[in-house]
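These are my notebook entries on a structure I looked up. I record helix packing, then charged pairs, then totals.

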Amino acid sequence: MVDRLKKIVLSVAVLSAFFLYSWHERQEQAQLPTVSRHQNISEVKTPSSSSAPPPDILTGKYKDGTYTGDVTDAFYGNIQVSAVISGGRLSDVVFLQYPNDRQTSIRISTESMPILKQEAIEAQEADVDIVSGATDTSIAFRKSLKSALDKAAL
Amino acid sequence: MKITKIIMGMPIAICVVDKAVDKKDIESIFTFFKSVDKQFSPYRKTSEVSKINRNEILLSAVSDVMKEILELSIQTKKDTHGYFDVDAKGYFDPSGMVKGWAIEKAVKMLKKIGYKNFFIDAGGDMFVSGSKKGSLWNVGIRNPFNRDQIVKILELENCAIATSGTTIRGQHIVDPYHDKTLTEIVSMSVVGPSVIDADRFATAAFAMGRDGISFIESQEGVEGYMIDKHGMATYTSGFTNYVLS
């Protein structure tokens, strides 16, 4: 699966969320992180539910090195990451396994379909009962990363 | 009464708002989901799926539910022009098929007991039945760029919605190996009366990249809302029938 190796730069928000997640893992609904596109480490938001920021990440309590996390089941495939620690902090996350989308064989004809409409997405304010979105992959991701960081902890 | 458990690597929430709700009934649905995981997980060595892959069970001797899944898988491969292929990984993995199928079974079980007003949400794919205190269920589509936000609110009745995509893909992953079209689209939601269709078509349409929404438009009984990496949404002609705001 090395060919599917991926690199990401993680924002502290994801880390906060995943630490929260690890604390709340036994609770049935984990709080999910606030991460927006184009966000970098200097402009992170902590999750709204975060009353206690994870001190380990901020002060750097990890041993330098690269730590491989557990393979976790994202149901549609496996996820496995390794955490790269430098200067006591998480500096990179490498994807060793990632669910692969289905192999493509034939392409659908791309003739223009004028009935399709477009709009820029906009955040909605009203309350909803349920939310639909892809969650399975990110939960497995956080599990694998957590197990990698457990190994890195001093 | 709402109960959430992590099964099959994802949170499954069952919420029943009928007055005479019995917790045991909800527990029985979770027992069903656990049995589905045991039988169909390709990651469990003892599952029927794993046994099939090790050639320990002849295809002619598989269980009746496995036959159902196999037939559904073959049909879906045809329906999606090969985009949904349970053999794509080089071995038999019906995971993508099983989720929608299991939700549908669970919905039927709850209805058989006599419940009318409920929802079942398995990792963001769901079926909503009846209403909540007289008003329809409001279902949000999550912002793939910000998990705390929703970008669309739908009003659904006896209807399913499934979303394919990943929030990780929408963020910082730099992947020089992946096909470009797969990173172009970050979220694909499909709505319709059948949770099996919503689930299998959302998965297939997401794999099609930009063409996915045209595929949904071409299918009877489903509508779609696709979000690309620039935050632009494209939606099918009948999608607005479901939209509250």
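Entry 1, helix packing. In this predicted model, I looked up how helix α3 (residues 64–79) of chain B packs with helix α6 (residues 195–207) of chain B; the angle is about 55 degrees and the axes are 11 Å apart. I therefore recorded α3(B) and α6(B) as oblique to each other, since roughly perpendicular would begin at 65 degrees and roughly parallel applies under 35. I noted the crossing of α3(B) past α6(B) as right-handed.

From α3(B) they are B:Leu72, B:Gln75, B:Thr76 and B:Asp79, and from α6(B) they are B:Ile196, B:Arg200 and B:Phe201. Sorted by class, the contact of α3(B) with α6(B) comprises 3 nonpolar, 2 polar and 2 charged residues.

B:Asp79 belongs to helix α3 of chain B and B:Arg200 to helix α6 of chain B, so the pair ties together parts that are 121 residues apart in sequence. Is B:Arg200 buried or exposed? B:Arg200 has 8% relative accessibility and therefore counts as buried, the cut-off being under 20%. I also found a network of salt bridges that links B:Asp79, B:Asp197 and B:Arg200.

Entry 4, a pair between chains. I looked up A:Glu119 and found a salt bridge with B:Lys152, in which the closest N and O atoms are 2.8 Å apart. A:Glu119 lies in strand β6 (residues 117–120) of chain A, and B:Lys152 lies in strand β7 (residues 146–156) of chain B, so this pair joins two chains. I noted B:Lys152 as buried, because its relative accessibility is 10%.

B:Arg54 forms a salt bridge with B:Glu56, with 2.7 Å between the closest N and O atoms. I recorded B:Arg54 as partly exposed, because its relative accessible area is 39%.

How many salt bridges does the structure hold over all chains? I recorded 12. Of the 245 residues in chain B, buried residues make up 63%. I also looked up contacts in chain B with a separation of 6 or more: residues 24 or more positions apart account for 57% of them.

Conventions:
Residues are numbered from 1 along each chain as its sequence is written. Chains are lettered from A and ligands numbered from 1 in the order in which they are written. This is a predicted model: local features need pLDDT of at least 70, side-chain atom pairs count only at pLDDT 80 or more; totals for chains, interfaces and linings use all residues. Side-chain values use heavy atoms; hydrogens and water are left out. Axes are lines fitted to C-alpha atoms, for helices over the stretch in contact, and angles run from 0 to 180 degrees between N-to-C directions. Helices (H or I, at least four residues) and strands (E, at least two) are DSSP runs, numbered from the N terminus. Angles under 35 degrees count as roughly parallel, over 145 as roughly antiparallel, 65 to 115 as roughly perpendicular and the rest as oblique. A crossing is left-handed if the near helix is turned anticlockwise from the far one by less than a right angle, and right-handed if clockwise. Contact means heavy atoms within 4.5 Å. Ala, Val, Leu, Ile, Met, Phe, Trp, Tyr, Cys and Pro count as nonpolar, Asp, Glu, Lys and Arg as charged, and the others, Gly among them, as polar. A salt bridge is a side-chain nitrogen of Lys or Arg within 4 Å of a carboxyl oxygen of Asp or Glu. Buried means under 20% relative accessible area, exposed over 50%, partly exposed in between (1.4 Å probe, protein chains only).
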